[in-house]
Protein chains: 2
Amino acid sequence: MGYSIGQVAKKTGLTAHTLRYYEKEGLLPFVKKSGSGLRVFSDSDLDWLVLIECLKGTGMSLKDIKQYIDWYMEGDSTLNQRLEMFKRQKLKLEEQMSQLQKHMEKINYKIAYYTEIIAHGSEGVFERNPELAAERKRVYGK
Amino acid sequence: MGYSIGQVAKKTGLTAHTLRYYEKEGLLPFVKKSGSGLRVFSDSDLDWLVLIECLKGTGMSLKDIKQYIDWYMEGDSTLNQRLEMFKRQKLKLEEQMSQLQKHMEKINYKIAYYTEIIAHGSEGVFERNPELAAERKRVYGK
DNA sequence: TCTTGACTTAGAGTTAACTCTAAAAATTAT
DNA sequence: ATAATTTTTAGAGTTAACTCTAAGTCAAGA
């Protein structure tokens, strides 16, 4: 029916320390306590943790995640702020993904470059491999 | 012919403080100094900064970037280590991109959810919008 | 009941990556 | 030549996000 902090740690991959830290920072205002003071996590608390991990994984700070949770606690008057926050995060995420795509191209270039050098030595690597040379020009110009 | 630290800061978007910090950490062992001790960046130093930004942008720590640079300085005996490092980084990057894709789906769900609620109120939102309900089930299960 | 392991708190410590300060020296503009 | 701007250094300070410690409480098994 409820999970101990250790069980949640195992499920989420976070440590118990981190979960307590998140609570202290106001990210888990829903988690109940047993009569003797032990935390009791519900399935819905796990859902919140999934969302927190999602936002954290897209680069949102704990402070901004807390802002969202505070808006949530405030009720329907903050629906628009919450929608706008997700829209902003979506834009940020799209920017991030296209940036990663560019990084991937550079890394692919490096892999091709080193693979070629290791296979055949560095002399004339671009002459011997026109595609490599083209890629270099595309990425670095000149 | 050469750039001052301020010019490089402008070009790269990094601060002069950060550039000095990178140098101190061993990330810029190529940057020359003028007779009177001022840093003089070359175009090739800018290329290094581009690569550093790429690796940093894919989540590599400055310590690991320095390791790569140290290998580079060591010469051809480290070609394989450098290739393997880029291959590892490529895997990490692929994992990252697929993770971001999943995060994007959750955020799209939230945007759809809040948009719907704001437009029509929360009652029966899933009944009125079967696609939203399906997405919820796909992402959260149950 | 005893023991073992999990949990509690407040608060201190750590790490990475900056970010800033101060005072002096170099460069550029007038 | 003078003034304003930029750069230099060593080293101190900051921030986010943990991460750990200590001393005590709680819970489950033999």
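A search of the whole structure finds 10 salt bridges over all chains, a salt bridge being a side-chain nitrogen of Lys or Arg within 4 Å of a carboxyl oxygen of Asp or Glu. The model is a predicted one, in which local features need pLDDT of at least 70 and side-chain atom pairs count only at pLDDT 80 or more, while totals for chains, interfaces and linings use all residues. Residues are numbered from 1 along each chain as its sequence is written, chains are lettered from A in the order in which they are written, and side-chain values use heavy atoms, with hydrogens and water left out.

**Stop 1: salt bridges**

Select R39(A) and E23(A), which form a salt bridge with their closest N and O atoms 3.1 Å apart. This pair links distant parts of the chain, for R39(A) is in strand β2 (residues 39-40) of chain A and E23(A) in helix α2 of chain A, 16 residues apart. Helices (H or I, at least four residues) and strands (E, at least two) are DSSP runs, numbered from the N terminus.

Move to chain B and select K56(B) with E53(B), a salt bridge whose closest N and O atoms are 3.6 Å apart. Because these residues are 3 residues apart in helix α3 of chain B, about one helical turn separates them. K56(B) is partly exposed at a relative accessible area of 31%, and E53(B) is partly exposed at 26%; buried means under 20% relative accessible area, exposed over 50%, and partly exposed in between (1.4 Å probe, protein chains only).

Next, select E116(B) and R128(B), a salt bridge with its closest N and O atoms 3.4 Å apart. E116(B) lies in helix α5 of chain B and R128(B) in helix α6 (residues 125-128) of chain B, so the pair ties together parts that are 12 residues apart in sequence. E116(B) is buried at 11% relative accessibility, whereas R128(B) is partly exposed at 41%.

**Stop 2: Q89(B)**

Select Q89(B), in helix α5 (residues 79-120) of chain B. At 5% relative accessibility, Q89(B) is buried. Its side chain makes a polar contact of 2.8 Å with that of T58(B). A polar contact is a pair of N or O atoms within 3.5 Å; within protein, one must be able to donate a hydrogen and the other to accept it, and residues adjacent in sequence count only if both atoms are side-chain atoms. Neighbours within four places in sequence aside, Q89(B) is in contact (heavy atoms within 4.5 Å) with residues including I107(A) and L55(B).

**Stop 3: the interface of chains A and B**

Display both chains: 33 residues of chain B are in contact with 33 residues of chain A. Between them the chains bury about 3200 Å², 81% of it on carbon and sulfur atoms; buried area is the accessible area (1.4 Å probe) that two parts lose on being put together, summed over both. Select L100(B), I107(B) and Y114(B), which supply 20% of the area that chain B buries against chain A, more than any other three residues. Between chain B and chain A there are 0 salt bridges and 6 residue pairs in polar contact (both at pLDDT 80 or more). The elements giving two or more residues to the side of chain B that touches chain A are α3 (43-57), α4 (62-74) and α5 of chain B. The largest share of that side, 25 residues, comes from α5(B).

**Stop 4: A16(A)**

Finally, select A16(A), which lies in helix α2 (residues 16-24) of chain A. Residues up to four places away in sequence not counted, A16(A) touches I5(A) and A9(A).
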